[in-house]
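Work through the exercises below with the sequence and the structure side by side. Try each task before reading its solution.

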Amino acid sequence: MSITVEERNFGLVTNPLTEARQMVHSYTLKNTKGMSVTVIQLGATIQSIFFPDGSKKVEDVCLGFDDIAGYMTNKAAYIGGTLGRVANRVASGGITLDETTVNLTRNFEGQFHLHGGFLGFDSVIWEVVQKTPEGVVFRHQSQHGHEGYPGILTCLITYRLDNDDRLSISFEANTDRQTIVNLSNHAYFNLAGQNAGPKGLAEHTVEIASIEVVETDDRQIPTGELTLVDNTAYDLRSPVVLGDRLKQFEHRPIQGFDNCYVVNGGQLLRSTVKVAKIVHPPSGRALEVWTNQPGVQFYTANNITKITGKKGSFYVKHGSFCVQTGKFPDAINHQNFPSINLNPNETYRHEVVYWFKVEKTCRCCYKK
């Protein structure tokens with residue numbers, strides 16, 4: 001027995017680039033252990049991740065929507081979507097490339113460029129170029145000048161599932177002229193179940209192998225400095241209980257985690273390394289994050305206000321978490337940050353593995 005893949009119709013939508021009506025398809029990868037992952041063409045989005053706990057109880061541990069309308073209505077949350085061409089913030093939208101000033105669109109508060117602009121990679125319909133048990137491969141070609149970016153950028157995203165419960169995402173991109181690229185995925189997780197909310201999230205423990213975070217100002221724009229996590233609420237080198245740690249943020253301007261952790265020594269590696277581990281002890285479900293990237297944006301859904309999700313669930317502040325791998329925010333404006341430049345003779349490569357596991361837990365320690 002191996003991995004299976006099933007294609008279905010997910011919903012009709014107007015293609016934002018062609019303005020034609022188009023059917024969006026979903027692709028469900030299933031393994032022999034009871035785990036399944038559904039991805040959809042809109043945004044090459046992760047729509048669901050079903051995973052059993054130690055008692056073989058299966059829950060969907062990834063936030064999302066049951067229909068295409070949910071994604072169209074709640075675009076601002078980027079739930080499960082691909083972030084690009086450049087994930088996270090670019091200060092003021094203006095950048096210098098090859099001694100030429102490039103003006104990116106300013107889609108956030110009229111000041112900054114966020115997650116690729118008004119029509120980022122989360123909002124386009126990706127072409128499917130492979131749908132086999134070896135993986136589903138999405139392709140998108142972003143035209144020169146789109147959202148201000150130079151160059152025709154051709155991107156491939158490969159989703160793979162294996163029988164060790166590893167969900168692998170491989171991002172690749174090529175360009176015909178110098179440009180900038182920093183792709184990521186904005187999946188929101190709750191290992192207690194997508195509908196478990198703040199109570200479920202509070203029970204999680206989180207551990208990130210990082211001694212420093214990217215320092216930001218009150219507008220969450222990097223200053224260019226890296227800050228040591230020693231003796232701060234941001235120190236996650238040993239597992240901490242999220243519910244306890246989040247209480248330390250109650251009187252801060254940003255009420256929760258939304259930080260780029262420097263991992264892998266701030267270097268782009270040739271292979272993936274384990275950089276984070278999140279556990280939900282009552283169910284035993286655990287998630288390890290492996291990547292070749294120098295950064296992990298850890299986010300505790302601080303800005304989510306009541307969104308109606310799958311099966312009538314309500315998604316709220318501190319009801320889920322994101323672990324977005326990639327390079328640092330606003331890297332184009334800081335020469336000391338790992339470069340996000342891409343030249344025509346190069347291939348951008350970003351690997352991340354979400355490895356789901358079940359850990360033995362002491363049932364008596366947790367009230368049902």
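**Exercise 1: an aspartate in a strand**

Asp 258 has a relative accessible area of 16% and is buried. The model is a predicted one.

Solution. 
1. Buried means under 20% relative accessible area.
2. Beyond four places in sequence, the contacts of Asp 258 include Gln 297, Phe 298, Tyr 299 and Asn 302.

**Exercise 2: an arginine and the annotation**

Solution. 
1. The unreviewed UniProt entry lists Asn 88, Arg 89, His 186, Ala 187, Tyr 188 and Asp 258 under "binding site". From this set, Asn 88 is in the lining of the second largest cavity.
2. Arg 89 belongs to strand β7, residues 89-90.
3. The relative accessibility of Arg 89 is 9%, so Arg 89 counts as buried.
4. The side chains of Arg 89 and Gln 220 form a polar contact of 3.4 Å.

**Exercise 3: a buried glutamine**

Task: Where does the side chain of Gln 47 make polar contacts?

Solution. 
1. Gln 47 sits in strand β4, residues 45-52.
2. With 9% relative accessibility, Gln 47 counts as buried.
3. The side chain of Gln 47 reaches the backbone oxygen of Phe 65 at 2.9 Å, and a polar contact of 3.4 Å links it to the side chain of Ser 48.

How values were computed:
Residues are numbered from 1 along each chain as its sequence is written. This is a predicted model: local features need pLDDT of at least 70, side-chain atom pairs count only at pLDDT 80 or more; totals for chains, interfaces and linings use all residues. Side-chain values use heavy atoms; hydrogens and water are left out. Helices (H or I, at least four residues) and strands (E, at least two) are DSSP runs, numbered from the N terminus. Buried means under 20% relative accessible area, exposed over 50%, partly exposed in between (1.4 Å probe, protein chains only). A polar contact is a pair of N or O atoms within 3.5 Å; within protein, one must be able to donate a hydrogen and the other to accept it, and residues adjacent in sequence count only if both atoms are side-chain atoms. UniProt positions are given in the numbering used here, feature names are shortened, and annotations may be inferred rather than shown by experiment. On a 1 Å grid over the protein atoms alone, a cavity is a set of points where a 1.4 Å probe fits but cannot get out, and a pocket is an open set with protein on both sides within 12 Å along at least five of seven lines; lining residues have an atom within 4 Å of a point. Contact means heavy atoms within 4.5 Å.
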